[in-house]
Amino acid sequence: MSVKSICGVILISERPEALAAFYGQGLGLEFEREAHGLEVHFGVDIGEVHFGIHPPGNFGRGSVGQSSVTVAFNVDALEGTIERLVELGAKQTSPPHDEGFGMVAGFEDPDGNAFEVVELNYDFGGESDNAAQ
């Protein structure tokens, strides 16, 4: 057996609706309210990857904590995205810098989860209509 793709990235939050609003406003993602047998949570498809934000109970957890996972979002305009994220209260953890494949800036969301915004210097493909323009 082999892995065909990554089909989902899920953040667990005590405040899933507020965190979905943060990523929606900051990155232009259009989350949908979902339930399908679980507590209410929020999700959006970005290309072929489902990005979900769930309460801890959906994963049998009583609480949440920080981990060493970083989600990277491919964006069209790094500077404008950085400005929007800072206005929304995101904590910038690294300034824009060139990593060879593009410009990258690091942040923490309101729950303390690490994420990056990346302006690639090549066409990655699989971009979603939900991504910020």
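Guide: Relative accessible area sorts residues here: buried is under 20%, exposed is over 50%, and partly exposed lies in between (1.4 Å probe, protein chains only). This is a predicted model, so local features need pLDDT of at least 70 and side-chain atom pairs 80 or more, while totals for chains, interfaces and linings use all residues. Residues are numbered from 1 along each chain as written, and side-chain values use heavy atoms, without hydrogens or water.

Visitor: What does the Asp 111 side chain meet in a salt bridge?

Guide: Arg 15. Their side chains come to 3.0 Å, N to O. A salt bridge here puts a side-chain nitrogen of Lys or Arg within 4 Å of a carboxyl oxygen of Asp or Glu.

Visitor: And how many salt bridges does a search of the whole structure find?

Guide: One. Asp 111 and Arg 15 are that kind of pair.

Visitor: Which parts does the pair tie together?

Guide: Two loops. Asp 111 is in the loop between β7 and β8, and Arg 15 is in the loop between β1 (8–12) and α1, so the bridge links parts 96 residues apart in sequence. Helices (H or I, at least four residues) and strands (E, at least two) are DSSP runs, numbered from the N terminus.

Visitor: Is Arg 15 buried, exposed or partly exposed?

Guide: Partly exposed, because Arg 15 has 42% relative accessibility.

Visitor: Which strands form the open sheet, and in what order?

Guide: Four strands, in the order β5-β8-β7-β6, with mixed pairing. Strands count as paired if DSSP finds at least two bridges between them.

Visitor: Which are the edge strands?

Guide: β5 and β6 (91–98). Each of them pairs on one side only.

Visitor: Start with β5. Parallel or antiparallel to β8?

Guide: Parallel. Five bridges join β5 to β8. Asn 74 stands opposite Val 118 in β8.

Visitor: And β6 with β7, in what sense?

Guide: Antiparallel, over five bridges. Ser 94 stands opposite Gly 106 in β7.

Visitor: New topic: His 54. Where does it lie?

Guide: In strand β4, which covers residues 49–54. His 54 is buried, because its relative accessibility is 6%.

Visitor: What is His 54 in contact with, leaving aside neighbours within four places in sequence?

Guide: Contact means heavy atoms within 4.5 Å. On that basis His 54 touches Ile 10, Leu 11, Ile 12, Ser 13, Pro 16, Leu 38, His 41 and Phe 59.

Visitor: What about Phe 31, again not counting residues up to four places away?

Guide: Phe 31 touches Ala 20, Tyr 23, Gly 24, Phe 42, Gly 43, Val 44, Phe 51 and Ile 53.

Visitor: Now His 36. Where is it found?

Guide: In the loop between β2 (32–34) and β3. His 36 counts as exposed, because its relative accessibility is 59%.

Visitor: What phi does His 36 have?

Guide: A positive one, about 25°, although His 36 is not a glycine. Most residues other than glycine have a negative phi.
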